[in-house]
Amino acid sequence: MTLKYLHTMVRVKDLEKSMAFYELLGLKETRRIDNEQGRFSLVFMAPPGQEECPVELTYNWDGDEGLPSDSRHFGHLAYRVDDIYAVCAKLQDNGVTINRPPRDGHMAFVRSPDNVSIELLQEGDSLPKQEPWASMENTGHW
């Protein structure tokens, strides 16, 4: 039996706002399906050069009363980054709350506009501890 990873799907309440969040992380739209009959859109976004590892954003045109909910029933998405401090600063500068700051220079958590937990992991060894991250408290949960 052969198994191949296809994608992770998350439901979103505001497609444009959610796409803007994932673009801040560096993902780009790779494919889109707009289904008039089913009244939904599927937008696939992936890091450049990694189109085989997309996130599928599922948007129901007539709304989705279950969103935003905790959305933690599936766990989280994880991305490796070259500089965790720079990524967290960019996200924070764009209004994203850093729920679990990279105090250790290695790991951080943020949430999408739809409460999807996103884990950010530093490529290679942890970076040296750095302020303001080293003394920053957790905000909310991840």
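Start by selecting N99. Leaving out neighbours up to four places away in sequence, N99 is in contact (heavy atoms within 4.5 Å) with F109, V110, R111, N138, T139, G140, H141 and W142. N99 sits in strand β6, residues 98–100; helices here are DSSP runs of H or I with at least four residues, strands are E runs of at least two, and both are numbered from the N terminus. Is N99 buried or exposed? N99 is buried, at a relative accessible area of 8%, since buried means under 20%, exposed over 50% and partly exposed in between, using a 1.4 Å probe and protein chains only.

A word on what you're looking at: this is a predicted model, where local features need pLDDT of at least 70 and side-chain atom pairs count only at pLDDT 80 or more, while totals for chains, interfaces and linings use all residues. Residues are numbered from 1 along each chain as its sequence is written, and side-chain values use heavy atoms, with hydrogens and water left out.

Now zoom out and colour by secondary structure. Along the principal axes, the C-alpha atoms fill a box of roughly 50 × 35 × 30 Å. Of the 142 residues, 38% count as buried.

Next, select Y22, L25, L57, Y79, L91, I118 and L120. These have the most contacts inside the largest nonpolar core, which has 29 residues. Such a core is a set of buried Ala, Val, Leu, Ile, Met, Phe, Trp, Tyr and Cys residues joined through side-chain atoms within 4.5 Å. α1 gives the largest share of this core, 5 residues. Show the surroundings of L120: beyond four places in sequence, L120 has contacts that include L25, Y79, V81, I84 and L91.

Time for the pockets. A pocket is found on a 1 Å grid over the protein atoms alone: an open set of points where a 1.4 Å probe fits, with protein on both sides within 12 Å along at least five of seven lines, and lining residues have an atom within 4 Å of a point. Which residues lie nearest the centre of the largest pocket? Select L27, P47, Q50, Y79 and R80, out of 20 lining residues. The pocket holds about 390 Å³ of space, and β5 supplies the largest share of the lining, 5 residues.

For the second largest pocket, about 220 Å³, pick G95, V96, T97, R111 and S112, which lie nearest its centre among 13 lining residues. Here α1 gives the most to the lining, with 4 residues.

Last stop: L67, in the loop between β4 and β5. L67 counts as buried, at 5% relative accessibility. Setting aside residues up to four places away in sequence, L67 touches R11, V12 and K13. To finish, draw a distance from L67 to S126: C-alpha to C-alpha, they are 35 Å apart in space, and 59 residues apart in sequence.

Technical notes:
Points joined across faces, edges and corners; volume = space filled by probe spheres on them.
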